Amino acid sequence: MLASVLLKTLRDQARQLLAWALSLVLIVAMYAAVWPSVQSQPSISGFIEQMPEAFRSLFATSSADMSTPTGYIQVELLSFMGPIAVLIYAVSAGAGAIGGEEDRHTMDLLLSNPVGRGRVVVDKFLAMVAGTFVLAAVMGVSLVLEGSLVDLVLPADMVAAAMLHLALLGVVFGSLALALSAGTGRTGISRGVPAVLAVLAYIVNALAPLVEVFDRIQKVSPFFQYIAHDPLRNGTAWDSVLVSAATIAVLVALAVAGFRRRDVAG
Amino acid sequence: MVRLAGLSKRFGRTTALDDVSLTIEPGEVFGYLGPNGAGKTTTIRLLMGMLRPTSGTASVLGLDTWRQSRDVHRLVGYVPGEPALYDRLTGHQHVAYCSHLRHRDDGRRAAEVADRLELDLGRAARTLSRGNRQKLAVVLAVMSRPRLLVLDEPTSGIDPLVQQVFHSILREHTTDGGSALFSSHVLGEVERVADRIGVVRAGKLVAVERLQDLAARSLHRVRAHFAEDVSAAEFAVVPGVRDVLVDGRMLSCNAPQSALDALLKRVSAREVEDFECSEAPLEETFLSYYGMGNTGNAARHPAAAGAEARHAG
């Protein structure tokens with residue numbers, strides 16, 4: 001596990017990743033456990049419909065019907081808990097990538113070897129991508145397996161599509177954190193700015209139907225690429241995947257350029 | 001081997017390094033001396049391509065240390081001033097990681113050096129004492145048999161016996177044609193291994209001297225006890241005499257060999273009760289010429305000292 005910066009970074013994250021994966025399995029198990037009682041109470045759907053519109057937009061995406069497995073998972077997991085978990089992991093991995101090694105003063109040791117700075121950034125990025133996809137995969141597999149135990153039946157291909165979009169959402173904000181980390185070396189800023197922007201992007205996308213300004217910029221929000229087309233029902237939206245991939249590519253290029261031109265803190 | 005040309009580095013408005021030029025020849029150990037905060041670490045991190053020069057260039061075997069840092073790092077072994085290691089990795093794992101990054105297998109050489117330094121490579125870095133961390137940093141720097149060693153206070157925290165082992169490793173390195181830049185804030189640490197020394201103060205290189213030449217100018221410490229009060233002025237006028245101190249009937253001063261005769265004649269013009277003359281350690285000679293007092297310099301150049309404190313280590 002010490003053969004490259006990529007493997008070394010994954011090794012460093014192993015414990016953290018394991019803890020996250022375990023938490024996700026438990027979160028999904030909790031939703032699965034509650035499902036039978038939700039299903040037997042159709043009034044919950046009515047309850048959601050009675051919520052003020054702004055509230056409904058914020059916490060329940062589009063026309064979610066809580067009495068179907070797809071609607072239930074959409075509202076409970078995909079609108080809120082899932083993105084939060086994946087974003088926290090991806091942003092902290094991205095922010096710690098370069099700035100973290102500088103904070104621990106190990107960057108001098110790493111860079112004194114014949115390793116290009118671009119290589120270091122790309123390897124750190126790939127480790128963050130791998131970790132994010134692993135977490136999304138764990139969540140998807142838990143959904144299908146744990147769901148099948150309690151009659152929460154979800155089509156596996158739709159779950160896979162939703163998880164792909166969820167992972168891309170994580171990687172977009174993780175790459176932003178990486179770009180800030182590589183460009184400034186400051187872990188705090190690299191963590192804080194993407195967190196604030198993620199909340200804003202979430203609100204813009206959720207309240208777009210109600211607020212005209214948000215409606216105009218909705219498509220810029222990574223949350224729009226993630227959930228607006230309802231992946232759990234409609235599968236993968238390749239145009240959204242493309243937009244996310246392009247965003248990520250630009251951010252990684254900025255990260256490499258930023259790290260190449262600045263002083264490294266010792 | 002190493003060539004610094006007009007090298008300067010500013011951090012914001014503070015100048016940490018100001019127009020430093022020097023060369024280091026193959027097979028040479030260059031002692032880089034200066035008080036803490038004078039610019040030693042800044043110079044070294046410029047040489048390692050960690051910092052971008054504000055102006056001027058640094059090169060190793062003709063390769064620019066900023067633009068071709070990857071190629072430079074193939075030729076250089078580096079011991080950072082604050083040896084930072086991966087806490088959870090053992091010595092062996094550090095060796096393995098750096099070997100992979102260098103695409104070399106230096107395990108055997110690393111084990112051999114660790115053995116000579118009496119370092120246990122099996123322990124995790126976080127359990128190592130400061131001295132042992134320093135040793136591990138030395139192992140990682142020398143294991144790939146680099147052409148140039150860049151050493152930022154490599155022997156601080158290492159006990160004298162191990163320092164001797166380190167010195168012999170350094171001599172083997174130079175016998176094979178390798179060079180070294182060896183920084184320290186005390187002359188004593190480098191005087192046994194350095195061929196030349198450079199003194200940096202407040203970001204400026206104030207002197208470069210062969211150690212032999214410095215030894216030739218070595219000072220004698222002179223003390224005399226007179227039967228009557230004397231004044232400092234009558235001894236200070238002797239050319240070459242330094243650090244004249246008079247306390248009532250006591251005189252103490254430093255003088256190079258060339259000034260001893262004139263000084264002695266002045267002294268013997270008075271009634272002498274006691275007299276003492278001894279060769280001062282090289283360290284004292286050095287301090288007298290270049291005044292390396294840490295506090296004095298830090299106080300005179302707080303800006304430069306502060307700049308390095310922020311960026312050092």
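## Chain A, chain B and their interface

Among contacts in chain A between residues at least 6 apart in sequence, 74% join residues at least 24 apart; two residues are in contact if their C-beta atoms, placed from the backbone, lie within 7 Å. This is a predicted model, where local features need pLDDT of at least 70, side-chain atom pairs count only at pLDDT 80 or more, and totals for chains, interfaces and linings use all residues. Residues are numbered from 1 along each chain as its sequence is written, while chains are lettered from A and ligands numbered from 1 in the order in which they are written.

Start with chain A. Its secondary structure comes to twelve helices and zero strands. Helices (H or I, at least four residues) and strands (E, at least two) are DSSP runs, numbered from the N terminus. The radius of gyration of chain A, taken over C-alpha atoms, is 20 Å. Along the principal axes, the C-alpha atoms of chain A fill a box of roughly 65 × 45 × 30 Å. Of the 266 residues, 48% count as buried, meaning that 20 or more other C-beta atoms, placed from the backbone, lie within 10 Å of the residue's own.

Now turn to chain B. Here an open sheet of six strands has mixed pairing and the order β6-β7-β8-β3-β9-β10. Two strands pair if DSSP finds at least two bridges between them. The edges are β6 (76–79) and β10 (204–210) of chain B, each pairing on one side only. Neighbouring strands are turned by 15 degrees against each other on average, direction ignored. Strand β9 (196–201) of chain B runs antiparallel to β10(B), and six bridges join them. B:Ile197 has B:Glu209 in β10(B) as its bridge partner.

A helix covers part of this chain's strands. Helix α6 (160–175) of chain B lies across β3 (29–33), β7 (148–152) and β8 (179–184) of chain B, at about 145 degrees to β8(B). Axes are lines fitted to C-alpha atoms, for helices over the stretch in contact, and angles run from 0 to 180 degrees between N-to-C directions.

Finally, the interface. In it, 24 residues of chain B are in contact with 18 residues of chain A. On the chain B side, α2 (69–75) and α3 (91–102) each supply at least two residues. The most come from α3(B), with seven residues. The chain B side divides into 13 nonpolar, five polar and six charged residues.

Key
Ala, Val, Leu, Ile, Met, Phe, Trp, Tyr, Cys and Pro count as nonpolar, Asp, Glu, Lys and Arg as charged, and the others, Gly among them, as polar. The radius of gyration is taken over C-alpha atoms; the globule rule is 2.2 Å times the number of residues to the power 0.38. A residue is buried if 20 or more other C-beta atoms lie within 10 Å of its own, exposed if 12 or fewer, and partly exposed in between; C-beta atoms are placed from the backbone.
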